[in-house]
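Subject: Structure handover

Hello,

Here is the structure I promised to pass on. Please open it first, then read my notes below.

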Amino acid sequence: MLFICFYICSHRNLRVGSTFVTMIPGGQSLVSSPPVFSHDGKKLLVCTGCTISIFSTSTGMKITELEGGHTDRVTSVVVVPVAVPSSKFISYCWTSSIDGTICYWDFSVPELIKKVKVQLPIHSMVIPNISCTPIGSSEKTYNLYAFISVEDLTISADENKAFRGQIQIYNLTKSQRVRGLLAETRKPQLLSVSKNGEFLGVTNKRKLDIWKIPSDDFRIDEIKKIKLHHTKKLTAFAFHPKLRMVAGGDVTGRILIWIGFGRRKFSGDSQATDKKMNLTDEEKPGVRNNDDADSCSTWHWHPSEIKFLSFSSDGAYLYSGGKEGVIVVWQVDTGKKKFKPRLGSPLLYFTESPDPSLSCVTCADNHIHLLKMPTMEITKSIAGIKLPFSYPVGHKGLCTQVAYDETAGLIAVLTEDYCVQFFSLFDNHEVSQVQVCKRNFQPVDDVTLYVALVSVSLDGSLMGTVDVKIPEDGLGGLVSLKFWKRGSRIAEYSLSTVVYEPHSDAEISSLAFRPGHCMATTSSFGGDFKVWIHNSDIKLNDQLHQRTGWRCQSVGSYKGRPMTAAAFSADGSVLAIGAECVVTLWDPDSNVLVAVIGDTHSPITSLSFIGNSEYLASLTGGSTPQLAVLSTSKLRLSWSYKLVAEALSSSRDTSQFAVLVLLNSQDEVDVKENGVILLFDVEDPVPVATWMVKKAKGGSLAFVPANPSFDEIKAIDGEKPSLLVYVNGDHEYIIFDPHNMDNRIGKSSQTSQIALEETGMFGYASIYGDLSNLNPKQDQVPEITFPPSERPWETIFNGSSHVLPPLTKLCSTFLASLIEKKPSMNER
Amino acid sequence: MADESKPFFPVESAHHVKPPPPRRAQSLTPESRFWRSFRHSVLASGLILPVTALEFSPVAPYHVAAACSAAVHLFDGAASPSLAPLPHSPLSGFSDVAYSPSFRCDGALLAAGGESGLVQVFRVDKAGPPLRRLRAHARPVRVVRYPRLADKIHLFSGGDDALLAYWDVPSEVQVVSFPGAHRDYIRAGSASPTNPEVFATGSYDHTVKLWDVRVTPGSNPFLGFSHGDPVESVLFLPSGGLLATAGGNVVKIWDIISGGKLIHTIESHNKTVTALCLGRIKNESPSHDGGEPRLLSVSIDGYMKSFDFATFKITHSMRYPAQLLSVGFSPSGNARVVGTSDGVIYMGMKKWKRQEEANGTNAASELDGFIPEPEKQVLRPTNYRYFHRGKSEKPQDTDYVIPRAAKVKLAEHDKLLKKFWHKEALVVALSKKSASSVVAVMEELVARKRLLKCVANLDVDELGLLLRFLHKNATTPRYARFLMGLTKKVLEMRADDVQSNNNLRIYVRNLKRMIAEEIQIQRSLQEIQGMISPLLVITGR
């Protein structure tokens, strides 16, 4: 028996080649940490799991990925600024990760240059003096010091009052830790640094700790610190780019602006300021506890916790956002507000780019929106897979929030804002979103309207959704069943029919489409199931056209029992309905009960016909969970296990099926939610293969055919491979070949989507063009700059002949480029 | 670069049945707008016999000649707002029915044929006996045409005796004659716009022949082709290289220069096409930048169609309540006349007539060629309009139009819901008296879990509004399920208020009565069901 243990995050160890890998991971969270713009504002660096994905800001497409450096979640990215325009092509960045390493990358190539080991999990990293030593400047280079917020693993998490977080200083140039701790906190905190690298700050419960960073001499005991006090827990803060001003946001949604902080302590002589202090003591409106600030004012608009605060680059505006999903733009001088509403999700981070007309906002639903700045219009969206949401308390039935369009390799995800998101499994990007309920979404605590079910027909041409409105005190509840028809493009659906209260007021337990027919069935907890058919255009009279749409063909029930699951057989000839504890088989055309099989002790939650065999697998939940395989030809139970199964999927053309099993029973609370995927052959109760997985609760499984576009290896074998998709509870997924783990499957090459050469300009340059270089020395020697690529000869001779310098001059450059060696390779 | 953030969805009742989208009025093309801009009227209602021909004078003020019964009627093109008969009209020197009036190129003389076979030439400016009488035809003369170009002394005529004659008018002598030019009646003819010696004739023997009087009679006709139907009308198009012929219910366009090749066939009429003429589409402004030429055709099916022979497309079609026999279009472009078989002449006039006349002398040559560019008046700061210039500037075809984002219009209750003013939204919807929007607001409040709180907060007047709404709509089948429950809740919650207020008590009494009625209806329905269901069971067996 094959036994492989893997975690979604550490799968990179198994990576083989660049285009053929054993597993395709996907659905990573884009919003685990704030994204960072490259120095020219053309690229956006986003932490995606243990890699950093680089997106083009003009197209919103992924350009490349920095991988191989980290083995765990990347927590922060710091881009090295560039001073001289000639070194435009150089792009370096520092990244830190939970695995305790700091990496130095050249992200234009992309290539790992340097790796620094810290040993402790890094939760946040800033490099304040990075702007002092930009690349390409001829000045003396300083040592780079990184301030990192790490988690002390020696203290266990159970101790409540323990200080687990530490802020340390690390000399990146010498790969050495500076002795001493800057501070200790309960939990590792997010560090923030002012734009000129002068101040470093961290929120510490109801206080704001601010340090003044020395320019070169980094000794712990010489770094000065002030505290600013507030009465509520602070959640976000930001430094003003020019003035001595800091803004802090708290859990109640207030924004506090401290002006002129640290004037006493940070400005040199402590004795001189002591005298001043006594004089100015009374003239500090709003400042608590005799804090070191001139004044403190409060703004209040947000009804709930503030997630981010950010000053605009000129310091005139302050951006704030939180759970309501509205960006508020405050004019700093006057406190006047402007709003950018309807972003559809709680907001997490706001990042300004070096290009003043571009910034991005990160939403909690795994989306990053690029905003065109003064108008705050969304130009592009970088869409990750949407995250699962919690069902309201009264919800019965299945908890899976996904469905699969297997032929197209798409996953349909139910979202909190009443949409169905179609996400391409192989390409790892969003295809489309279908708005199911036309209602303005507001992120609130208690869900009153939600999309409960989605089902996509086998060929993907039909989709059914069920949305439920929860009644208020028994009033105004509504269940509506919607049928959608696919448009001309893939995953574009238009509404075909709406059925209000299809089973009076009972909730729908499942929705299934009949393969090969325009027919669907819904089963309800109210004790009946309905078969729906699609009316094609029938011409009754010359004038009267019957409108096309879905209508109920027949209604069935079995002893008044609640119908809990429904499935069609692969050829569509048999309809299996789980009537609480027994499975009833029906002829879908004539609506005749054919047979009744099995008798479990608790209600059936899921049914599935297994491929082309005559077997049927059922899952039951409740107090006596069970996985049972029933034979439809012998009409009896074939074999069964007592397992807590979360999901079931069967491959279409073989007799195998996979079950996702939770290792703990439902009563226990296991934090890690580990699970096992079991692959069974239907004849044999011994599993064919087993895989350990994490976060199995709320996960799901599906067999998908290999993506035909890059199916090169398998074409030789002649048989059509089917891959298994496992989606975990956080909607991260992995695709692998269940039969042979060594088989490489083609990964869609993301690099093909590289954006074309981006030659846009912004700011001053966009109006007046590039400033000519006024350095007279450089005028005498015409110099050709080119990106340090592996084949520099391609770029040297690029351009029209009248622009090119004479060949005699080019020759030396050309030869020099041939013998050029990359210094980065040695350092590694 | 559309903003991809979510649109604003106004509240909508779940049971609200959307009305079908309103039929969108067909957007008018500039062409049809032009044709509709004519003011219609009826001319010469005294006539009862068919108007067989209509002809505009080629020079200002563009008099119109209409052949009807035994007279040629003349109308003053300068009259406003509609054409009026000239004082010496009609010209009545005909012993029998008059046919085919034709103006000389300078507009001073008019020639017309007649049933008697006599071709007569009249003065246009005053009454009097015919100046010349051309006798050659033995049968009725249906075609008399002056050359279009500056040839003042010749004309040609064709008659039912198949004789085609080319006359020297002053001496009343036939210069050339072609006896047996066709094998049937000659019913159509047109002079070339580029050459005074060339003309085309069409006949009931289906053929169209082109003649040139300069060549020897033996080589005439120099071109002939078959239209396929009896030819009713022949017309040279402005270039002189194309010829339009009408016969049966088709109009055909021929290329003469390449030897009579058929270029296009227009089959847009249902009945015989009776006449053709040239029109011109003009801009609204009375400038002389020409305008595209159009071929107008009329038919006895009552339609007049405008055909763009540059793109070979029908651009406009217009229906009249009678059989149409003749059509004319003023060279000035502001008048259009259509003659019918019952003697009515329908006329369309445009408004800019006055200005048109002032510089109308150019218009004669307009159909044929060069027009001097009129001088554009330059606006000066002394002019009031100078300060308003460019305000109503229309985008040109080459301009890239950036549309202003459409303003989202929200209903009052939507605006209040946006501000989370729930009770106010409910009250506003209740006072608007649209049941579906009230239910929509209520459903939205349910989704926000605020409905019952709103009901609890209503003051007495607003509660009265709510009770009245419930009285009216609670039994509407579409909303009954929701509203009945709500009624019950409202009465439970606000029992004290209802008892203390007299007005509210009246509302509740009404509600009670309505519910009693509803129960009665339900009971009778159940009775009917009880009667029917055994019958159904029996028939089912």
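Which side chains of chain A and chain B meet in a salt bridge at 2.9 Å, N to O? They are those of A:Arg439 and B:Glu444. Please keep in mind that this is a predicted model.

The interface

Three salt bridges are found across the interface of chain A and chain B. Polar contacts join eight residue pairs between the two chains, with both residues at pLDDT 80 or more. Strand E31 of chain A gives the most, with five residues.

The contact takes in 30 residues of chain A and 28 residues of chain B. Interface size is often quoted as the accessible area lost when the parts come together. Here, chain A and chain B bury about 2700 Å² between them. Carbon and sulfur atoms account for 51% of that area. Three residues stand out on chain A: A:Arg342, A:Glu472 and A:Leu475. Together they supply 26% of the area that chain A buries against chain B, more than any other three residues.

Chain B

Chain B has 541 residues, and 49% of them count as buried. Its secondary structure comes to 11 helices and 28 strands. Take the contacts in chain B between residues at least 6 apart in sequence: 49% of these join residues at least 24 apart. Chain B exposes about 27900 Å², with 54% supplied by carbon and sulfur atoms.

Look also at helix H11 of chain B, residues 502-540, where B:Met531 lies. B:Met531 belongs to a nonpolar surface patch, along with B:Ile521, B:Leu525, B:Ile528, B:Ile532 and B:Leu536. Together the six have about 560 Å² of accessible area. Why does B:Met531 count as exposed? Its relative accessible area is 55%, and exposed means over 50%.

Two lysines in chain A

A:Lys205 has a positive phi, near 50°, and is not a glycine. This lysine sits in the loop between strand E17 (199-204) and strand E18 (207-212) of chain A. A:Lys205 is partly exposed, with a relative accessible area of 43%.

A:Lys559 also has a positive phi, near 55°. Its loop runs between strand E46 (549-556) and strand E47 (563-568) of chain A. A:Lys559 is exposed, at 64% relative accessible area.

Best wishes

Conventions
Residues are numbered from 1 along each chain as its sequence is written. Chains are lettered from A and ligands numbered from 1 in the order in which they are written. This is a predicted model: local features need pLDDT of at least 70, side-chain atom pairs count only at pLDDT 80 or more; totals for chains, interfaces and linings use all residues. Side-chain values use heavy atoms; hydrogens and water are left out. Patches are made of residues with over 30% relative accessible area and no salt bridge: like charges are joined within 9 Å, nonpolar side chains (Val, Leu, Ile, Met, Phe, Trp, Tyr) within 5 Å. Accessible areas come from the Shrake-Rupley method with a 1.4 Å probe; for residues, only the protein chains shown count as cover. A salt bridge is a side-chain nitrogen of Lys or Arg within 4 Å of a carboxyl oxygen of Asp or Glu. Helices (H or I, at least four residues) and strands (E, at least two) are DSSP runs, numbered from the N terminus. Buried means under 20% relative accessible area, exposed over 50%, partly exposed in between (1.4 Å probe, protein chains only). Contact means heavy atoms within 4.5 Å. Buried area is the accessible area (1.4 Å probe) that two parts lose on being put together, summed over both. A polar contact is a pair of N or O atoms within 3.5 Å; within protein, one must be able to donate a hydrogen and the other to accept it, and residues adjacent in sequence count only if both atoms are side-chain atoms.
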